[in-house]
Amino acid sequence: MKTVAFPSLDPILKGGIPEGDQILVSGPPGSGKSIMAMQFIHEGIQKGENGVFFTLDSEREYLISQMEGAGIEVARLIEEGKMDVIELDPQDIYVLLDEMERHVKRLNAKRLVIDSLSILYVYCGSYRNLPEDLIAFLEKTKYQPPITLGSAVKKQMLYSMMTKIRHLGCTTLLISELAKNSNWFSRDTISEFACDGIILLDYHILGAAGVTRTLSIVKMRRSNYLEGVHEFRITEKGIELTRD
Ligand SMILES: Nc1ncnc2c1ncn2[C@@H]1O[C@H](COP(=O)(O)OP(=O)(O)O)[C@@H](O)[C@H]1O
Ligand SMILES: [Mg+2]
């Protein structure tokens, strides 16, 4: 089985992420999901694999400057055509999928980040995003749908989106926003079953002493990862596992 390297996490992943897999990176706000995902793209470029980071909720320039501040050199690699950070409008998911495909081809990208799947889930249930046959059916029955459809339809839509994203052929990190102490690994409660792996990030506030950041692999198909909860820090070099 071929894997893609992720050297920062290698002591835990023990050989990288299976090529072409979809990995959910879940955690509460501020837990380091975006930084980890950008590092994944960055480390890919060092291995000769281009990447693209799609953001649905941040401004491109803001994100680039945040990553530069966390020690992940992004601006130069964008100039060199090895990666890009692309803002996508989540309102029309068919346009969004076309845009994703266009940029993956343009950059010959092998690694993909979607920040975040949770935003996509919010828009999945919009009436305008339903498949044409379902819209035709609803119109024929004169059913007046609410602006946002029920969670079963949204879950189906998200599942089908994930399949389409998988067909782009990249190894993909899907970022999933969680409430602190959530019982799930995603807001949508479906992507954790549909994905191939889950990396869970968290932090624990220690009063004036600061925070302890932790990372655990909850699931990784086809991989012999190290179980347990592992501490990491965010430094001027990005995410660094704490060695004891
Ligand atoms: N240069 C830095 N040095 C140390 N910590 C940083 C640095 N830049 C960001 N951080 C930490 O990273 C956190 C944000 O990480 P981010 O990846 O944006 O989180 P998430 O995407 O999970 O919301 C901030 O809350 C901050 O504590
Ligand atoms: Mg983020």
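1. In the shell around ligand 1, α2 contributes the largest share, with three residues. The model under review is a predicted one.

2. The shell around ligand 1 holds 13 residues, and those that come nearest are Gly30, Lys33, Ser34, Ile35 and Arg213. By residue class, the shell consists of five nonpolar, six polar and two charged residues.

3. Polar contacts to the ligand involve several side chains. An N or O atom in the side chain of Lys33 is 2.7 Å from an oxygen atom of ligand 1. For Ser34, a polar side-chain atom lies 2.9 Å from an oxygen atom of the ligand. The corresponding distance from a polar side-chain atom of Arg213 to an oxygen atom of ligand 1 is 2.8 Å.

4. On its own, ligand 1 has 580 Å² of accessible area, of which the protein covers 66%. Two elements, α2 (33-46) and α3 (60-69), each give two or more residues to the shell around ligand 1.

5. The volume of the largest pocket is about 210 Å³. Its lining comprises 17 residues, and Gly30, Lys33, Ser34, Ile35 and Gln66 are the closest to the pocket centre. Two or more residues of this lining come from each of α2, α3 and β7 (171-177). The lining divides into six nonpolar, six polar and five charged residues.

Definitions and conventions. Residues are numbered from 1 along each chain as its sequence is written. Chains are lettered from A and ligands numbered from 1 in the order in which they are written. This is a predicted model: local features need pLDDT of at least 70, side-chain atom pairs count only at pLDDT 80 or more; totals for chains, interfaces and linings use all residues. Side-chain values use heavy atoms; hydrogens and water are left out. A residue is near a molecule or strand if one of its heavy atoms lies within 4 Å of it. A polar contact is a pair of N or O atoms within 3.5 Å; within protein, one must be able to donate a hydrogen and the other to accept it, and residues adjacent in sequence count only if both atoms are side-chain atoms. Accessible areas come from the Shrake-Rupley method with a 1.4 Å probe; for residues, only the protein chains shown count as cover. Helices (H or I, at least four residues) and strands (E, at least two) are DSSP runs, numbered from the N terminus. Ala, Val, Leu, Ile, Met, Phe, Trp, Tyr, Cys and Pro count as nonpolar, Asp, Glu, Lys and Arg as charged, and the others, Gly among them, as polar. On a 1 Å grid over the protein atoms alone, a cavity is a set of points where a 1.4 Å probe fits but cannot get out, and a pocket is an open set with protein on both sides within 12 Å along at least five of seven lines; lining residues have an atom within 4 Å of a point. Grid points are joined across faces, edges and corners, and a volume is the space filled by probe spheres set on the points.
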